[in-house]
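I opened this notebook to keep track of what I looked up, one topic at a time. The entries below follow the order in which I went through the model.

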Amino acid sequence: MPDAKVIPFDDDRARRRARGVPHPSTPPEERPSAAEPASAPEPVDGSPREPGPGRPAGPGDEDPWLDRLLGAGWDRRAAAGLSFLRRRLTGEYAVDAFGYDAELTGQVLMSLMRPVYEKYFRVEVRGVGNLPAEGGALVVANHSGTLPWDGLMLQVAVHDHHPAGRHLRLLAADLVFTLPVVGELARKAGHTLACAEDAGRLLAGGDLVGVMPEGYKGVGKPFADRYKLQRFGRGGFVSTALRGGVPIVPCSIVGAEEIYPMIGNAKTLARVLGLPYFPLTPAFPWLGPLGAVPLPTKWTIEFGEPIPTDGYAPGAADDPMLMFDLTDQVRETIQRTLYQLLVRRRSVFF
C-alpha cells in the first residue's frame, strides 16, 4: 500500500511563519535570508519592546486601557489606600487628647463631605483670608437648618480654602456625643464639648475653634424666623476669647435655612425621645427616610474681619459690660452680613 500524502493546512503554515521556519514547499527565493532574522531582536540597551500581538505587556509597559478605566496614578492611590487600611488595622495612627484623628479626617471624612459641599450645596466662600495663618482664633457663626449641616460645611470650607489648609475644631452640644456612631465620628473629626475648659485648651494650643452661640434656638427655629439671629447666650465665647487673647472672626452662612423648612415642632414627641425639638417639614416625617434628604440650596459662607481681644486688661473677661458689648458687636456684624448676602442672592437654589 503506497504511503499517504500529507497535505499541509493553512494554520500549520501560519504557525511556521510565526516561528520563522519556512515550509518545505516554499520556493527558495521566497524564504528569508540568514542575514534577516524572522523577528526583530530585543533592544541591546535593555529597554522593553513595544507590546504587540503574541507578546504580553511587560512590567515596564504602560497599560493605557487600565489608565483610562481607573484614571492616571491609580496604582499609587491603591497603594496609599492599602497602606492606610494597614495602619487602621494595626493601630499605627495617632489621636490627640480630644480624640482628633487627623489622618482619618483628611483622607476619609473630608472626602465624604466634599462632594456634598462642592456638587450638592455648591458652597461659595468669601473672606477666608480673614482667618489667621497660624495661632488660635475663635470663629463665631450663625446656626440654622434643623440638622447641623452648616457646621460640617464650615469645616470643609476652612480646610479646603484656607491657604494653610487649617482645620476647624467645632464646639458641639452634649447631645452630639451621646449619639451612637455620631459621637465617635465627631471626636475623630476634631470636635469637642461646647465648654469653656475645652475651648480654652484648644485656643491655647493654637487651634482654630468654631462656635455657634445660638445653639438649639438657632438650628431648630421655625422657617418663618429664617435668617433672624436668636440670642447669643450669655457671651461665654467672648470670655473665652478674652482669656486666650485670640481674635474673634464673625462668620455668616446663607443657604442652610432652607434645606429643611421647619413648619412645626412636635414638642410632646420631642420630650418622649429626649430631643430639644422634633421638626415637622413639608417632607418629614411624611415621606419617611426620603424626607430627611436636604434640599439642594445654594450656599454662601463669608468670614468677616477679625475682632482683636489681646489689647484689653487682664481682668477684662470678668467685666460683664465689656462682654455684653463685644457679644452685641459680633451678633450685629453677622446679622448685617446675612442681610447683605440675601440682597445679593439671585435665588435659593442658584
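Entry on the surface. Before listing any patch I wrote down the rule I needed, namely that a patch is made of residues with over 30% relative accessible area and no salt bridge, and that nonpolar side chains are joined within 5 Å. I also noted that the model is predicted. With that rule in hand I found a nonpolar surface patch formed by Leu 269, Val 272, Leu 273 and Leu 275, which together have about 350 Å² of accessible area. I then looked up Leu 275 by itself and placed it in the loop between helix H11 (267–273) and strand E8 (279–280). Leu 275 counts as partly exposed because its relative accessibility is 32%.

Among the residues that line the second largest cavity are Pro 250, Cys 251, Glu 302, Phe 303, Thr 333 and Ile 334. I traced this lining back to the fold and saw that strand E6 (248–254), strand E9 (300–303) and helix H12 (320–344) each supply at least two residues. By class, the lining of the second largest cavity has 4 nonpolar, 4 polar and 1 charged residues.

Entry on the backbone. I looked for a cis peptide bond and noted the one from Phe 284 to Pro 285, where omega is near 5°; Pro 285 lies in the loop between E8 and E9.

I next turned to positive phi values. Val 181 is not a glycine, and yet its phi is positive at about 70°; I located Val 181 in the loop between helix H6 (174–178) and helix H7 (182–188). Tyr 227, also a residue other than glycine, has a positive phi near 60°, and I found Tyr 227 in the loop between helix H9 (216–219) and helix H10 (236–244).

Are these two residues, Val 181 and Tyr 227, buried or exposed? Val 181 is exposed, since its relative accessible area is 58%, whereas Tyr 227 counts as buried because its relative accessibility is 4%.

Notes:
Residues numbered from 1 in each chain as written. Predicted model: local features only at pLDDT ≥ 70, side-chain atom pairs only at ≥ 80, totals over all residues. Heavy atoms only, no water. 1 Å grid on protein atoms, 1.4 Å probe; cavity = no way out; pocket = protein on both sides within 12 Å on 5 of 7 lines; lining within 4 Å. Helix = DSSP H or I, 4+ residues; strand = E, 2+ residues; numbered from the N terminus. Nonpolar A, V, L, I, M, F, W, Y, C, P; charged D, E, K, R; others polar. Patch = residues over 30% accessible without salt bridge, like charges linked within 9 Å, V, L, I, M, F, W, Y side chains within 5 Å. Areas by Shrake-Rupley, 256 points an atom, 1.4 Å probe, with all protein chains shown as cover. Salt bridge = Lys/Arg side-chain N within 4 Å of Asp/Glu carboxyl O. Buried < 20%, exposed > 50% of the residue type's maximum accessible area, 1.4 Å probe, protein only.
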